[in-house]
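Please look at the sequence and the structure first.

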Amino acid sequence: MLTAQGIFVQRLLTEDAVVESIRSHMDELLDAIPEIRDMVGFEHKHPHHHLDVWEHTLEALRVSENDLTVRMVLLLHDIGKPHVCLEGEVRHFYGHAERSALMGREILARLGYAEDEIERLYRMILRHDTALTREDVLREPELSEKLLEVQRCDTLAHNPEKIARRLEYLASARTFFEDTE
């Protein structure tokens, strides 16, 4: 059963003006998910990103459909980045999907999500950077559709000068759904 904070986060993520709602309720969001604090102002220092981790997350949410599953995954998809950062001239975030998924699992449990929903969201966070295959779409069309939307939003929140290959992938992945119709 969702906690009061879980209900609050759900309500926030289903607002039409989601980013504006988050910005105006940031203190309450940080009370519910204090792990977000590490994302705020944490620079990517990578040519494929032009925003810090938190602003990237907000941009992905801004371009998303009003779908609670998609938005929850987007909120948590990069939450592990500050914890796996490999410093260098260009920062790398090896294993960030795994760390984000594990942190997401803990956060969702704390918010009162049911175990089956935690597992579904965990799998989506884990796979947010993994290319979908035709087999994925045939096996789990609904989950794959939502995951492709997560990937679309994530792509659009990257440096616009560096997203051409990602956009090509999204277009080709979209054709996999024609086999399920």
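## Fold and core of the chain

Among contacts (heavy atoms within 4.5 Å) in the chain between residues at least 6 apart in sequence, 61% join residues at least 24 apart. The model is predicted: local features need pLDDT of at least 70 and side-chain atom pairs count only at pLDDT 80 or more, while totals for chains, interfaces and linings use all residues. Residues are numbered from 1 along each chain as its sequence is written, and side-chain values use heavy atoms, with hydrogens and water left out.

The chain has 11 helices and zero strands; helices (H or I, at least four residues) and strands (E, at least two) are DSSP runs, numbered from the N terminus. The radius of gyration of the chain is 16 Å, close to the 16 Å from the globule rule for 181 residues, so the chain is as compact as a globular protein of that length. This radius is taken over C-alpha atoms, and the rule is 2.2 Å times the number of residues to the power 0.38.

| Property of the chain | Value |
|---|---|
| Box filled by C-alpha atoms, along the principal axes | roughly 45 × 45 × 30 Å |
| Radius of gyration | 16 Å |

Of the 181 residues, 48% count as buried. Buried means under 20% relative accessible area, exposed over 50%, and partly exposed in between (1.4 Å probe, protein chains only).

The largest nonpolar core has 53 residues, of which Val9, Ile22, Leu29, Ile33, Ile36 and Leu75 touch the most other members. Helix H5 (residues 68–76) gives the most to this core, with six residues. A nonpolar core is a set of buried Ala, Val, Leu, Ile, Met, Phe, Trp, Tyr and Cys residues joined through side-chain atoms within 4.5 Å.

Why is H5 largely enclosed by the rest of the structure? Eight of the nine residues of H5 are buried, so the helix is largely enclosed. Among the buried residues of H5 are Thr69, Arg71 and Met72. Their cover includes helix H1 (4–13), helix H7 (96–110) and helix H10 (141–156).

Isoleucine 33 lies in the loop between helix H3 (26–32) and helix H4 (53–62). This isoleucine 33 is buried, with a relative accessible area of 0%. Leaving aside neighbours within four places in sequence, isoleucine 33 is in contact with residues including Val9, Leu75 and Leu111. The C-alpha atoms of isoleucine 33 and leucine 111 are separated by 8.8 Å, although the two are 78 residues apart along the chain.
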